[in-house]
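Welcome to this guided tour! Open your viewer, get ready to select residues by number, and follow along one stop at a time.

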Amino acid sequence: MADLVLVVGATGGVGQLAVAKLLEKEIPVRVLTRSAEKAEKLFGDRVEAAIGDIRQPETLPPAMQGITHLICATGTTAFPSARWQFDLPEAQGLQKLQQWRKIFLDKSYRNAHAKNSPQIVDADSVRHVVEAAPRDLQRFVFVSSCGVEHKTQFPYTVLNAFGVLDAKQQGEAAIVQSGLPYTIIRPGQLIDGPFTSYDLNTLMKATTGSKKGITIGTGDTLSGQTSRIDVAAACVECLHDSHAVNKIFEMVNKGNRPEAIDWSGLFASIV
């Protein structure tokens, strides 16, 4: 059976780059999107677009038909912002400031009005994707985050102030417990891009601005910055690598960068 990779979160920075790298390898791609127009603008006719919303599990089955691999690169901001899509009464001036004060200080108020919070996107919706995925899936790749195992330690306490690491960890657990073959990548602070306003030709020519190499580790012991371009490459390179199956690893940019990245060797070093 020919490969067909579904990319969830394809219009985000890592997702766009992952699509471009799959197309470079001439691997058929399907993207899950809420907007066919946006997918066409980004990728033209080189990908198949499936309309759906990970927050609405009933919309997911059509996107899953016939796929062999899945890359999940979804996410939202760690701190409350417009991307959390708050459903609030119209307000101006002081009333608007009071609304945002409650958002930051009142967890119940924040959760009641957010439609795109980390809990919804990185935990609940990842579980929806897991439950909808075909049982014969060959690999489920998930982009998580460094710090999920040390969220009570500084500086991760700051990053997790509004629950993003809690949610990522719940998403990881749903994948691991599903019985599906998986690879979970935990990057550090993302750099390079995001390339959310470029066309496909630009994406396919993207090269990391970092001159640093790639270091991977396990046990959530690494911290630092990670190129989105390198994360996208890791997502694609691990799809068929047996050394990466059922593995969780952190990934940061450190040291001198070689002329070519030995992805197979990096994955083989995971213990």
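Start by selecting serine 227 and isoleucine 229: a polar atom of the serine 227 side chain lies 3.1 Å from the backbone nitrogen of isoleucine 229. That is a polar contact, meaning a pair of N or O atoms within 3.5 Å; within protein, one must be able to donate a hydrogen and the other to accept it, and residues adjacent in sequence count only if both atoms are side-chain atoms.

Before moving on, a word about what is on your screen. Residues are numbered from 1 along each chain as its sequence is written, and side-chain values use heavy atoms, with hydrogens and water left out. This is a predicted model, in which local features need pLDDT of at least 70 and side-chain atom pairs count only at pLDDT 80 or more, while totals for chains, interfaces and linings use all residues.

**Stop 1: around serine 227**

Serine 227 sits in strand S9, residues 225-227. Strands (E, at least two residues) and helices (H or I, at least four) are DSSP runs, numbered from the N terminus. Is serine 227 buried or exposed? Its relative accessible area is 0%, so serine 227 is buried. Here buried means under 20% relative accessible area, exposed means over 50%, and partly exposed is in between (1.4 Å probe, protein chains only).

**Stop 2: helix H10**

Now select residues 228-237, which form helix H10. The contact you began with is at the start of H10, where a side-chain oxygen of serine 227 reaches to within 3.1 Å of the backbone nitrogen of isoleucine 229. Why is H10 described as largely enclosed by the rest of the structure? Because 9 of its 10 residues are buried. Among them are Arg228, Asp230 and Val236.

Axes are lines fitted to C-alpha atoms, for helices over the stretch in contact, and angles run from 0 to 180 degrees between N-to-C directions.

**Stop 3: the cysteines**

How many disulfides does the structure hold? The count is 0, where a disulfide is a pair of cysteine sulfur atoms within 2.5 Å. Select cysteine 146, which is in no disulfide; the nearest cysteine sulfur, in cysteine 235, is 14 Å away. Cysteine 146 is buried, at 3% relative accessible area. Next, select cysteine 235, which is buried too, at 0%. The sulfur of cysteine 235 has its closest cysteine sulfur in cysteine 238, at 6.2 Å, so the two are too far apart for a bond.

**Stop 4: helix H2**

Select residues 36-43, helix H2, and find Ala39, Leu42 and Phe43, which are buried. Seen down the axis of H2, the buried residues fall within an arc of 75° (taken from the directions from the helix axis to the C-beta atoms), so they line one face of the helix. On the other side of H2 you will find Glu37, Glu40 and Lys41 exposed. Glycine 44 follows H2, and its phi is positive, near 65°.

**Stop 5: asparagine 116**

Finally, select asparagine 116, in the loop between helix H5 (107-113) and helix H6 (118-132). At 8% relative accessibility, asparagine 116 is buried. Its side chain makes a polar contact with the side chain of arginine 55 (3.2 Å). The asparagine 116 side chain also reaches the backbone oxygen of arginine 83, at 3.0 Å.
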